[in-house]
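This briefing goes through a protein chain topic by topic. Look at the sequence and the structure first, then read the points below.

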Amino acid sequence: MNSHEIRRIFTDFFVEKHGHLAVPSSSLIPLNDPTVLLTTAGMQQMTPYFLGLEDPPGRRLTSIQKCFRAVGKDDDVMEVGDPTHLTFFEMLGNFSVGDYFKAEAIEMAWELVTEHYKIARERIWITVEPGDDFSRAYWRDEIGIPAERIQDDPGNVWGPVGETGPFGPNSELYADMEWDQHGGDAGKGPMSEDEDRYLEFWNLVFMEFNMLPGAQHEQLAMQNVDTGSGLERVATILQNVDSIYETDLFRPLVDRAADIAGVRYGETESVDQALRIVADHSRGVTFLIADGVLPGNEGRGYVLRRILRRCVQKARAAGIERPFLGDLADVVIENFGPQYAELHRRRETIRRALAHEEESFSRTLTTGMGRLDTLLDEAGDGETISGSDAFRLHDTYGFPIDLTVELAGQAGKRVDIDGFRTALAEQRERSRANMDAFADAARSRAPIYAAVGNDTSEFVGYAQERVETRLAAILGVDGSLEALEAGESAELVLDATPFYAESGGQVGDTGLILTETGRFRVSDTKRPSPRVIVHLGEVEEGFIEAGQAVSAEIDHERRQAIRRNHTATHLLHKGLREVLGVDTQQAGSLVAPERLRFDFTSHQALGPEGQQAVQRLANLEVIADKAVAVSEEPYDAAVERGAMALFGEKYGDIVRTVEVPGYSLELCGGTHVQRTGEIGPIVILNESSIGSGTRRIEALTGAAALDYLMSAQQLSQELARDLRTPAGEIGEAVAALQETVRAKDREIEALRLQSLTSDIDAYLSKQRAVNGTTVLAVRADTGDRATMLQLGDRLRDRMQSGVIVLGGEVAEQVALIAMVTPDQVERGLHAGRIIQAIAPVVGGRGGGRPESAQGGGADVGKIEEALAAVDAAVEEQTG
């Protein structure tokens, strides 16, 4: 029975006999499921139905689903080449969304397998989840499977696909692949040491639970069935061969690869294994590209690149020295095209992407393998290849780290993965710096821009946000490039572009540029010369080539936010002139998606009242929801109509005007809303001076302004509650509270000073005579310098003649003050020099006038030692 018949019998059985609706295979790129990179099971497109999130097209469904498993802990890549494991495969499935459950699913599976596929009942073994008593009993009592051919498997709990989703116990059907050889002896079953004798070919999953974040689960609202049967394994059984690679699904690919290699399949096991891997991987990458995946350095793009480059490496091991992937892709398309029309539709894209990646990797493969062999020879038995060496293989020779790890493992060596990741992170940082170099070197790149050609980059973004155009040039750091690979940065020049280039204070657009072979993420857009618009960014997937047809699309939401902010600057500009006078002029601006900034000439601050007035004028125009009129006209005519032009700006003969009727008219080349109502609320955040006669306001619009207002409202409500006052009287309540606090502060200060000075006699008792001068040098931990100075004043007033030096700890630092009475100043004593003499003791310095000085230091443990040094300083000054 060939594979086409197997598909037909399966679908007809469930559609015609059991009332299922056949649904087409979903893409290998999962729809709205960020938890997985690729479609790995038929149930993925059914998950919304099982969870009750969407209404299914029918309660009974069946599909033949394209699947790809090459990521995560269930990575099948390293097992590919054995008789049963694959990366890409087709999964035959039937599904019940709250209709039938265990009994009916088991009955239908048994009927199809034994009556339509004609697999001998005696060859079939069943495994069940140990706690699933119903299924075990049903297989035994209703189907008639002998109890000894029903085995428990603790691993028979299936799902979810990804981190969350439906799951439940399952029953698995196995075929005894050596039943005939053993004369009908059933053997010991798939859970025994003879497990390789048995091939699992159908999994019946009974979805009863939903996995939640944190490994918690809940009962599903309805019981569902999800079954999956690998077409390749069923074909292995029905075509009576020993390996999936000998079925009609793979043999044409294996034979074509052998022809290209100039070998015969079946003569040398190492070559045979390489051919089997080439067959699997070439089929897998063909389907991935057909579904829109392109080679890249991250995500599913990396999965494709990894498989594709492993395929090339295995082809070399099989003896294939010339390009081969295009030939094998043709075999895939011819054999699977009748079932999957996208293969024919995307034939040229598939061949082109494969040829480019194969050529790119082949150029470095021989050298890279030589370098890897050297590293393996240099590393002793069980030794580790350094992360930096592994990264060099990745960066210079294009070796995916997985391939390096695999080949090293085959040689009994390890790879420093952590070191590789560190080197990779450093390379990405350099890549970001490389992108910055484009922005920083516009002037030095002038010859590169001049060499682009005489055609002008046409901006069409006023009316269009997505255009089909041509990639005119790729500009690297040193000049024009023919192509750009995934992970590489450059500037792209298009014949026509919807991307607005940074100008007039408005930031450049971001978005995507897509070709049939690659995906380029635009991070900024600039106009380095009047006739050239460049799109700065990086290839995320695949590759791009100069001259390709492209689809260029801006980030719509970001552009809309910029539009709101730009039109708002016009409304605010007019409002400022209304409030401050017509002499107020624009002096600069920034129009970004998240905020706007507007600089204007004025020697007068707006103040809170002025801000409110300007804000009110602008928002009244928003409420009016006026149509914004944009037109082109002669410069003189526009100025005569009252259009505001920026001082020092150069304008052509024909200018673009933006008008809010009855309010604002300006010359402007930026992007704007169609109606003022689209702006939403306008909120001025602050006003500041940025220079003599120039001031700045910053503002929010749209959702950002709404969030700000809601936050302010919440704060107002909380303050009103805490102050026990109406929201409208918060200002008065806060002012009263502040006055109360100031009064308390004054009271506290007076009490603290009173406390300190109440012991003034204790301080004075420590004065002593030094060379005829009364000296008082004591520790006083007053808490702050101001209080220490007040204490010093009180002591000086009481002493009338002498030197006072106080030291203490303030904020974990040493504070020192010195005071000299006027009569002692006349004797030659100097407070500043006293501080200069003692401050070094505490690791600091200081100074001041003859009658008063201050100092400090860091070593609070030497305050007493510094105070003890005062006598010596006084003696020195008095001779």
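Helices (H or I, at least four residues) and strands (E, at least two) are DSSP runs, and they are numbered from the N terminus. The model described here is predicted.

**Loop residues**

- Lys118 has a phi near 65 degrees, which is a positive value in a residue other than glycine.
- Lys118 counts as exposed because its relative accessibility is 64%, and the cut-off for exposed is over 50%.
- Asp625 lies in the loop between helix H17 (607-624) and strand E24 (629-634).
- The phi of Asp625 is near 50 degrees, again a positive value in a residue other than glycine.
- Asp625 has 30% relative accessibility, so Asp625 counts as partly exposed.
- Glu649 belongs to the loop between helix H18 (635-640) and strand E25 (654-660).
- With a relative accessibility of 46%, Glu649 counts as partly exposed.
- Glu649 and Gly504 are 145 residues apart along the chain, and their C-alpha atoms are separated by 9.6 Å.

**A buried strand residue**

- Val539 is part of strand E20 (residues 532-545).
- Is Val539 buried or exposed? Val539 is buried, because its relative accessible area is 1% and buried means under 20%.
- Val539 and Glu488 are 51 residues apart along the chain, with 5.8 Å between their C-alpha atoms.
- Neighbours within four places in sequence aside, the contacts of Val539 are Leu484, Glu485, Ala486, Gly487, Glu488, Arg519, Phe520 and Ile544.

**Nonpolar cores**

- In soluble globular proteins, nonpolar side chains tend to be buried together.
- The largest nonpolar core here has 130 residues. Phe68, Tyr117, Trp139, Phe201, Trp202, Phe324 and Phe399 have the most contacts inside it.
- Helix H7 (residues 269-290) gives the most to this core, with 11 residues.
- Residues touched by Phe68 include Leu28, Leu38, Phe88, Gly284, Leu288, Val303 and Ile307, with residues up to four places away in sequence not counted.
- A second, separate core has 23 residues, among them Leu580, Ala618, Val622 and Ile682.

**Helix H11 with helix H12**

- Helix H11 (residues 347-378) and helix H12 (residues 387-397) have axes that come within 9 Å and cross at roughly 165 degrees.
- The crossing angle makes H11 roughly antiparallel to H12, because angles over 145 degrees count as roughly antiparallel.
- H11 and H12 cross in a right-handed way.
- On the H11 side, the contact is made by Phe361, Thr364, Thr367, Gly368, Arg371, Leu372 and Leu375. On the H12 side, Asp389, Arg392, Leu393, Thr396 and Tyr397 take part.
- Sorted by class, this contact of H11 with H12 has five nonpolar, four polar and three charged residues.

**Helix H9 with helix H11**

- The axes of helix H9 (residues 325-336) and H11 come within 9 Å and cross at roughly 150 degrees.
- That angle makes H9 roughly antiparallel to H11.
- The crossing of H9 with H11 is right-handed.
- H9 contributes Leu325, Gly326, Asp327, Ala329, Asp330, Ile333 and Glu334 to the contact, and H11 contributes Arg347, Ile350, Arg351, Leu354 and Glu358.
- The contact of H9 with H11 holds five nonpolar residues, one polar residue and six charged residues.

Terms used:
Residues are numbered from 1 along each chain as its sequence is written. This is a predicted model: local features need pLDDT of at least 70, side-chain atom pairs count only at pLDDT 80 or more; totals for chains, interfaces and linings use all residues. Side-chain values use heavy atoms; hydrogens and water are left out. Axes are lines fitted to C-alpha atoms, for helices over the stretch in contact, and angles run from 0 to 180 degrees between N-to-C directions. Angles under 35 degrees count as roughly parallel, over 145 as roughly antiparallel, 65 to 115 as roughly perpendicular and the rest as oblique. A crossing is left-handed if the near helix is turned anticlockwise from the far one by less than a right angle, and right-handed if clockwise. Contact means heavy atoms within 4.5 Å. Ala, Val, Leu, Ile, Met, Phe, Trp, Tyr, Cys and Pro count as nonpolar, Asp, Glu, Lys and Arg as charged, and the others, Gly among them, as polar. A nonpolar core is a set of buried Ala, Val, Leu, Ile, Met, Phe, Trp, Tyr and Cys residues joined through side-chain atoms within 4.5 Å. Buried means under 20% relative accessible area, exposed over 50%, partly exposed in between (1.4 Å probe, protein chains only).
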